[in-house]
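Please open the model in your viewer and keep the selection tool at hand. The tour below goes from one selection to the next and says what is found at each stop.

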Amino acid sequence: MAYDKFVTLKSTAYPLPIENVDTDQIIPARFLKATERIGFGDNFFRDWRYNADGTPKSDFPLNKEIYAGGKILVGGRNFGSGSSREHAAWAVYDFGLRCVISSAFADIFKNNCLNIGVLPVQVSPTFAAKLFDAIFADPKTEIEVDLPSQTVTLLATGESEKFEINSYKKENMLNGFDDIDYLKNIEEEITTFAQTRPF
Amino acid sequence: MAKTLFDKVWDSHVVRSIEDGPDVFFIDRHFIHEVTSPVAFLGLESRGNSVLYPERTFATADHNTPTINQHLPVEDPLSANQLDALERNAAKHGISHWGLGNKNNGIVHVVGPENGITLPGSTIVCGDSHTSTHGAFGAIAFGIGTSEVEMVLSTQCIMQPKPKKMRININGKLGLGVTPKDVALFIISKQTTSGATGYFVEYAGEVFRDMSMEGRMTVCNLSIEMGARGGMIAPDEKTFEYIKGRALTPKGKDWDKAMEYWKTLHTDNDATFDVEFHYKATDIEPMITYGTNPGMGMGVTKSIPNASQVEGGVETYKKSLGYMHFNEGESMIGKKIDYVFLGSCTNGRIEDFRAFCSIVKGRKKADHVIAWLVPGSHKVVEQIKAEGLNEIISDAGFELREPGCSACLAMNDDKVPAGKLAVSTSNRNFEGRQGPGSRTLLASPLVAAASAIEGVVTDPRKLLVS
């Protein structure tokens with residue numbers, strides 16, 4: 001087992017209704033110098049969370065006490081664009097989040113999340129807008145993400161929406177398996193295939 | 001069945017397909033660098049795995065390396081630690097390693113093609129999103145995360161659902177001063193920064209056929225900036241001419257056999273794409289960006305669009321212009337600049353230095369502009385010297401630095417200070433990308449050169465005709 005299982009998550013959420021959030025914002029390049037996977041949560045959204053002198057920006061959602069403890073981040077469209085740095089997904093995880101909801105994700109970020117046990121949930125723009133409205137109306141409103149039924153529900157109103165995930169990845173998330181577990185099991189098939197490659 | 005270029009290469013690398021899941025996808029060539037590989041090696045070792053095919057992985061140091069005094073020990077202890085980790089991991093697992101000072105060292109996406117590692121019809125991955133560069137050779141090449149780096153090290157495969165297919169066709173002839181960078185920035189401005197998410201792009205038409213291999217690399221490099229996983233161009237005589245005789249390309253009978261295969265690598269006439277776009281070469285002018293993603297670009301003579309004219313949220317758009325200290329309706333021409341950066345995996349090749357020199361030759365850099373000219377590799381440096389471009393550069397008041405990623409992502413000391421405005425030939429104008437608080441205008445080497453000479457954002461055509 002490579003990471004935590006993900007089955008059902010019920011939590012408050014941090015709202016970040018900004019579009020095209022790139023991975024350079026999620027974790028700036030100057031914090032990519034570790035050779036171990038530790039401490040990335042501290043620099044999660046570093047330049048949006050902190051002033052140049054290191055004091056926190058109190059109006060940034062991730063710094064607001066009213067959202068503290070949430071395990072879900074609801075982000076704007078095209079979340080996680082740009083650099084392939086998995087450090088962005090690690091920062092999400094290390095900050096204490098287990099799920100990111102958006103109306104659209106950049107491909108590599110989405111893959112990286114799935115590979116470390118953070119569930120990316122893609123919802124319709126309408127449902128994303130409902131989630132933002134609900135959080136802004138009540139910061140303690142709870143969202144339930146249920147992987148077996150592939151639904152995300154706004155508990156206060158009961159409104160819910162189905163989300164897509166292929167059944168292979170779903171099994172992995174439910175059981176905490178990862179791709180290396182799978183690939184090592186078919187190594188013979190891979191080495192046989194490799195012999196057919198001309199270069 | 002009729003197939004696209006992408007289908008042909010993809011399908012020939014599928015070890016097995018999982019129902020309602022990804023394909024097990026075989027990787028021919030894997031590049032690693034110091035920033036995204038250390039944790040992959042830790043993972044590999046903690047599971048007790050070994051590197052399955054060390055000869056298929058190639059290590060080079062580029063992301064955090066200094067661009068001066070590379071012969072001295074690296075001062076930043078964290079960077080030095082990553083560089084040591086790369087060297088140590090490569091040695092331990094039998095992987096070739098081009099560290100600082102090695103004659104083959106340079107930016108991973110520059111040195112791969114230079115050394116014949118990049119071949120048509122191959123699959124290439126690297127823990128770097130600009131791996132899409134190698135698609136210029138008719139390879140399927142894309143960026144991956146560190147978990148996937150570990151997968152490739154331990155199994156030579158990753159697990160990927162097959163992306164959808166997009167073709168972008170541009171016919172006609174490009175005008176004076178319009179470079180491959182402008183073509184790419186034009187496409188991204190039309191597609192937006194997310195328009196090609198979920199797709200793999202084939203670039204087709206006269207404009208791409210006419211381009212040099214360096215130009216094709218620039219275009220494919222920027223595919224990720226519209227959300228595409230990668231982009232590719234069908235190999236042709238130019239491709240074969242470029243790769244022939246390079247260190248790691250097939251030789252003799254192997255070359256002849258490979259050529260037979262490579263000549264089949266084109267999209268069949270009746271093959272179909274999920275979506276196609278057609279643009280005209282004559283609609284493209286030298287481009288510049290004005291916002292905080294590469295989709296926020298326009299012709300250098302145009303004005304910044306009003307929020308009501310752009311797709312997406314007004315708040316996000318205003319935040320972006322606010323960061324840049326720009327206003328809707330403003331023109332970029334004449335804005336005073338502080339920094340110029342020529343380099344990166346996008347524009348750090350010989351052709352880019354030739355273009356830059358075509359403008360600065362016989363002129364002088366504006367006194368207040370700080371310029372970093374960073375070749376993509378030692379081979380590019382050698383070529384610059386062989387062509388005498390270094391003299392043009394120094395006569396005009398510029399100096400050449402040593403190869404690396406440099407100010408493109410500012411992991412080393414080449415950082416644009418907060419609030420300063422830079423014209424950069426790199427690939428990303430995100431907030432803080434070139435240093436905390438830095439403001440980046442993405443443009444071609446010609447626009448960068450003209451702006452460095454004039455000290456303000458300048459249409460290069462003005463200097464090309466006079």
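Select Val92(A), Ile288(B), Val340(B) and Val360(B), which touch the most other members of the largest nonpolar core, a set of 194 residues. Such a core consists of buried Ala, Val, Leu, Ile, Met, Phe, Trp, Tyr and Cys residues joined through C-beta atoms within 7 Å; a residue is buried if 20 or more other C-beta atoms lie within 10 Å of its own, exposed if 12 or fewer, and partly exposed in between, with C-beta atoms placed from the backbone. This is a predicted model, in which local features need pLDDT of at least 70 and side-chain atom pairs count only at pLDDT 80 or more, while totals for chains, interfaces and linings use all residues. Residues are numbered from 1 along each chain as its sequence is written, and chains are lettered from A and ligands numbered from 1 in the order in which they are written.

Contact here requires C-beta atoms, placed from the backbone, within 7 Å.

Next, display the open sheet of chain B whose four strands follow the order β16-β15-β17-β18 with parallel pairing. Its edge strands, each pairing on one side only, are β16 (370-373) and β18 (439-442) of chain B, and the twist from one strand to the next averages 20 degrees. Helix α16(B), residues 445-454, lies across β15, β16 and β17 of chain B and runs at about 145 degrees to β15(B); axes are lines fitted to C-alpha atoms, for helices over the stretch in contact, and angles run from 0 to 180 degrees between N-to-C directions.

Move to strand β6(B), residues 123-126, where Thr123(B) and Val125(B) point one way, Ile124(B) and Cys126(B) point the other way, and all are buried. In a regular strand the side chains alternate between the two faces of the sheet. Strand β6(B) runs parallel to β3(B), residues 29-32, through three bridges, and parallel to β7(B), residues 140-143, through four bridges. Centre on Val125(B), which stands opposite His30(B) and also opposite Phe142(B) in β7(B).

Gln156(B) counts as buried because 25 C-beta neighbours lie inside 10 Å. Most residues other than glycine have a negative phi.

Finally, colour the contact between the chains, which takes 64 residues from chain B and 49 residues from chain A. On the side of chain B, α5(B) gives the largest share, seven residues. By class, that side has 26 nonpolar, 26 polar and twelve charged residues, where Ala, Val, Leu, Ile, Met, Phe, Trp, Tyr, Cys and Pro count as nonpolar, Asp, Glu, Lys and Arg as charged, and the others, Gly among them, as polar.

Key. Two residues are in contact if their C-beta atoms, placed from the backbone, lie within 7 Å. Helices (H or I, at least four residues) and strands (E, at least two) are DSSP runs, numbered from the N terminus. Two strands pair if DSSP finds at least two bridges between them.
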